Amino acid sequence: MPSGAAEGTREGFTAADATRVMAAACRRAGLDGDGATLIRLGENALFRLSAHPVVVRIARSTEYLESARGEVRVSRWLSGEGFPVTRVVDDLGQPIIVDGHPATFWHLIDASDRKATYGELGAVLRDLHSLNLPDDLRLPPYPVLDRTERRINAAAGIPEDDRVFLRKRARELRGRVADLRFDSEKGPVHGDAHVQNLMVDRNGQVILIDLERFSYDFPEWDLMVTATEHHSLRWQTPQEYAAFVGSYGRDLRAWPGFPTLRAVQEFNMTTWLMQNISESPETAAEYARRISSLRNDDAPRDWNPG
């Protein structure tokens, strides 16, 4: 997600930057990074190595160091519990820091052509939220508006009026969240629980990935993502959302706090996209669409996934 001016980074994180860091991290880890393929450039850069069944994850700055350390710890814990989760490469000391960028190394998941369903997402979250954390695993609370100020400050190419609006909206949302009364007990929370963070391997096993925002907090934060995508954006069919609710056992939209969580999710989706508007005209146009509708709570959210 964010791009910005933390120590050891420039005000941007391009594919070329990420590739350079990945190559250096591989050399330090004793792995061959030649011919690696960039899978994604977002909150992190993900590379698939051609010489090893390994995915390298490069974070944008040292601000992400604790998150990277947490990912490694959570993966090892869940793997030990037999939970279907992405697995860190255990025989490497990690994260490795290169020029202010934490790098972690993960076993490649041999994915099938089938995509995970919303019913499977609900089941995975139900099982995750039923787990008890071990006493020696300390997790942060859910990062409600994580890195918001940094994203707003660092975003290049947005109107100054957008910055003013987003800062004001962030203050309003923090106040609304502080007034919430949750129905559930705290426990393990994935923190970015959308269906794209599930993979299906060649054996048909559904695997949870992307542990960067893993937290100890209220499970409503995980339900927020799909509930908002359905309620505001109609990215799921009624049948898909019904399968999610049926598997998990709860429809967050019935909770009085849902409008606040929906507003948080829409805000985060907009500021996440904002940092990459220089990547393509399509991304810039999508950001403009999102920020325009955020200014009017009653406006339709005709947003595209991305």
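Ala, Val, Leu, Ile, Met, Phe, Trp, Tyr, Cys and Pro count here as nonpolar, Asp, Glu, Lys and Arg as charged, and the others, Gly among them, as polar. The legends below describe close-up views of a predicted model.

**View 1. Lining of the largest pocket.** The largest pocket, with a volume of about 1,500 Å³, is lined by 50 residues, of which R40, H194, Q196, N197 and I209 lie nearest its centre. By class, the residues of this lining divide into 23 nonpolar, 13 polar and 14 charged. Strands β1 (37-41), β2 (44-48), β3 (54-59), β5 and β7 (198-200), together with helices α6 and α8, each supply at least two residues of the lining, and α8 gives the most, with four residues.

**View 2. The largest nonpolar core and the surroundings of W221.** The largest nonpolar core has 60 residues, and those with the most contacts inside it are L78 and W221. Helix α8 (residues 258-274) gives the most to this core, with eight residues. Leaving aside residues up to four places away in sequence, W221 touches Y142, V144, V177, F182, V189, L261 and V264. Another core, of 22 residues, lies apart from the largest one and has F13, A29, V54 and V89 among its members.

View 3. The peptide bond that runs from Q94 to P95 is cis, with omega near 5 degrees, and P95 is found in the loop between α2 (65-80) and β4 (96-98). Most residues other than glycine have a negative phi, and most peptide bonds are trans.

**View 4. Positive phi at D99.** D99, a residue other than glycine, has a positive phi, near 50 degrees, and is found in the loop between β4 and β5 (101-107).

**View 5. Positive phi at R234.** In the loop between α6 (220-231) and α7 (238-248) lies R234, whose phi is near 55 degrees, a positive value in a residue other than glycine. The relative accessibility of R234 is 54%, and this residue therefore counts as exposed, the cut-off for that class being over 50%.

Methods. Residues numbered from 1 in each chain as written. Predicted model: local features only at pLDDT ≥ 70, side-chain atom pairs only at ≥ 80, totals over all residues. Heavy atoms only, no water. Core = buried A, V, L, I, M, F, W, Y, C linked by side-chain atoms within 4.5 Å. Buried < 20%, exposed > 50% of the residue type's maximum accessible area, 1.4 Å probe, protein only. Contact = heavy atoms within 4.5 Å. 1 Å grid on protein atoms, 1.4 Å probe; cavity = no way out; pocket = protein on both sides within 12 Å on 5 of 7 lines; lining within 4 Å. Points joined across faces, edges and corners; volume = space filled by probe spheres on them.
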